[in-house]
Amino acid sequence: MPPRQKQKQRSVKGRLQLLPEMTLEIQVEIYRYLGSCDLLHMSQTCKRFRTFFLNRSVANERLWAQARANTGDLPERPPFMSEPAFIHLLYSPPYRRQRYYLLMDRQYAQRCETWHNAQVDRRIDEVIGHLRAKGWAKEVDALDPDEREELSQLPLVRQAVPKLTTAESNTICECKTVQRILEKKRHERIRREREPVLLARFDALEEAIRSHYVRLPRTASMEFRPRYIDFAFTDNSFRALLDAPTEQSVTATDFADLVPDATAAWEATQREELAAAIKAELPFAIPEDVDVLDLAVAFFPCPCGVEKYLLEHGAKDPLRFPAILGHSCPRKNRYTGQVSEDDLYSAAAMYGGIEHGFPVNTVGLRPFNVQNVPVSTGAIRQACNVVKAMGYDPARTTLSDLQGCNVLLTCVQCAETRSDVRVYTWDAAIRHLIAAMARRGPNHDKWQRVEDSRMERAHRLEESDHDRWMRRSTARYEQLIWSCSLCIQFDAKGKDMETHRITLLCTGIFLPTLTAASKMGPYTFTRT
């Protein structure tokens with residue numbers, strides 16, 4: 001194998017390889033204009049320079065003293081240290097300085113460290129100025145003290161040489177730690193600038209939907225409408241406007257032309273899917289001329305389970321169509337892990353722009369989906385028994401058919417275990433059987449119609465129970481959220497609604513989810 005040929009060294013214009021060959025007088029004249037740091041670097045260049053600059057001669061001491069004077073802001077030199085040793089100490093890494101400080105007077109050590117920290121701060125300012133020139137000005141301005149400290153701990157940054165060379169500045173810009181800090185700040189800045197824009201557009205879409213549905217005076221049916229979240233992910237035409245560039249102006253007017261067709265299609269889809277969910281749970285076939293959602297047995301429990309207390313105490317009816325469309329629980333999203341940290345659009349739409357790392361109890365929004373609406377097979381089949389006990393066909397009996405019915409029922413299961421007899425209206429009976437299922441007790445699926453001989457007594461009991469009904473109604477008024485029918489958008493609880501009525505003289509008020517007034521029940525007889 002032939003020997004390798006030595007590569008010729010290229011002579012680059014501007015190099016100082018000829019400097020040691022110059023006469024001593026010329027070299028000394030050049031060195032007289034150098035600073036202490038430059039002279040230290042010269043002494044570390046080659047063996048010849050090291051031997052020359054570290055020679056303990058009077059001339060060299062004067063040369064180092066002149067360099068220290070050229071620098072101008074160096075601390076006082078301890079008398080027991082030579083000029084080269086003192087300069088080497090000032091520009092040494094922290095661990096070396098600490099070892100020297102143990103041998104020095106405390107006063108000198110504090111002065112040296114104070115000077116070194118000041119030089120490092122100047123170098124950090126120099127680094128930040130260079131990062132600004134590279135286009136990171138906004139990110140650098142947003143650095144917090146911890147991030148600035150992390151930046152200052154980098155080896156190339158934590159030096160007592162304030163002036164950055166071109167090579168050093170490029171190396172710092174390419175450093176992974178610097179890139180990570182700046183990219184994080186850029187991501188946070190973009191989020192901070194983008195989130196208000198997205199939230200304003202979601203509000204604009206909600207305003208367009210509300211303008212399409214709501215007319216004064218407001219009614220409960222106007223609240224059974226889609227929300228912005230129902231179109232934020234499923235409709236590309238809305239997504240194109242909502243996720244448009246930040247500089248583009250998007251208002252409610254831009255959504256107005258899209259809302260009518262989109263909402264009509266949404267209503268038809270939800271109606272079809274809810275009807276299919278009910279049909280799948282009914283134990284009988286539905287005649288073609290009957291709308292399954294109008295049936296008295298077509299209802300949905302509250303998805304989040306909060307309804308359990310209300311149903312058990314007879315404070316609220318099960319959800320029905322179309323009231324289920326306006327209910328908030330099918331749109332609540334408690335699973336925060338579904339949103340990626342980088343998915344700003346989804347975080348803003350579902351959680352109002354909350355930063356990732358949500359609390360466990362954070363409740364966001366999700367599009368209305370029938371799969372999020374539970375259909376209780378046992379409750380619907382037991383409700384069919386209630387309708388049959390009243391003498392009606394559950395396959396054809398609608399909600400309106402039962403609202404004018406005066407038939408009362410007794411629960412066979414309760415009659416066998418209680419010392420008194422409770423009678424129920426049809427809606428109170430349904431609440432009773434759902435409450436029994438929520439308690440995971442025995443099914444209350446057998447019902448009997450109250451004899452005619454007891455009907456008059458039951459009606460008298462109902463009249464005497466008026467005061468108790470009024471007290472419970474007052475409690476409902478304080479707990480539930482009501483809506484003002486004379487305002488486009490005002491919802492509040494009882495006391496706040498009273499203030500609203502007195503202040504603005506608004507006399508219209510309704511409960512959005514209340515579709516039909518129902519008797520409270522049950523009413524209790526003593527056995528005779």
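## Ground rules

Residues are numbered from 1 along each chain as its sequence is written, and side-chain values use heavy atoms, leaving out hydrogens and water. Because the model is predicted, local features need pLDDT of at least 70 and side-chain atom pairs count only at pLDDT 80 or more, while totals for chains, interfaces and linings use all residues.

## Helix 7 and its partners

Let's start with helix 7 (residues 106–141), which packs against helix 9 (residues 166–174) at an angle of about 75°, the two axes lying 11 Å apart. Helices here are DSSP runs of H or I with at least four residues, numbered from the N terminus; axes are lines fitted to C-alpha atoms over the stretch in contact, with angles from 0 to 180 degrees between N-to-C directions. Helix 7 is therefore roughly perpendicular to helix 9 (65 to 115 degrees; under 35 is roughly parallel, over 145 roughly antiparallel, and the rest oblique). In contact, meaning heavy atoms within 4.5 Å, are Arg-123, Val-127, His-130, Leu-131 and Lys-134 of helix 7 with Glu-168, Ser-169, Asn-170, Ile-172 and Cys-173 of helix 9. These residues comprise four nonpolar, three polar and three charged (Ala, Val, Leu, Ile, Met, Phe, Trp, Tyr, Cys and Pro are nonpolar; Asp, Glu, Lys and Arg are charged; the others, Gly among them, are polar).

Helix 10 (residues 176–213) also meets helix 7: their axes come within 9 Å and cross at roughly 50°, so the pair is oblique. Among the residues in this contact are Leu-131 and Trp-136 of helix 7, and Leu-182 and Arg-189 of helix 10. By class, the contact of helix 7 with helix 10 has five nonpolar, two polar and seven charged residues.

Helix 21 (residues 426–438) has 13 residues and spans 19 Å from first to last C-alpha, close to the expected 18 Å (1.5 Å times one less than the number of residues). Eleven of its 13 residues are buried, so helix 21 is largely enclosed by the rest of the structure. Buried means under 20% relative accessible area, exposed over 50% and partly exposed in between (1.4 Å probe, protein chains only). Trp-426, Asp-427 and Arg-431 are among the buried residues of helix 21.

In helix 17 (residues 344–351), eight of eight residues are buried, including Tyr-345, Met-350 and Tyr-351. Just after helix 17, Gly-352 has a positive phi of about 65°.

## Cysteines

The structure holds zero disulfides, a disulfide being a pair of cysteine sulfur atoms within 2.5 Å. For Cys-414, the closest cysteine sulfur belongs to Cys-411, 3.7 Å away and too far for a bond. Cys-414 is buried at 10% relative accessible area, whereas Cys-46 is partly exposed at 30%.

Note on methods: Helix = DSSP H or I, 4+ residues; strand = E, 2+ residues; numbered from the N terminus.
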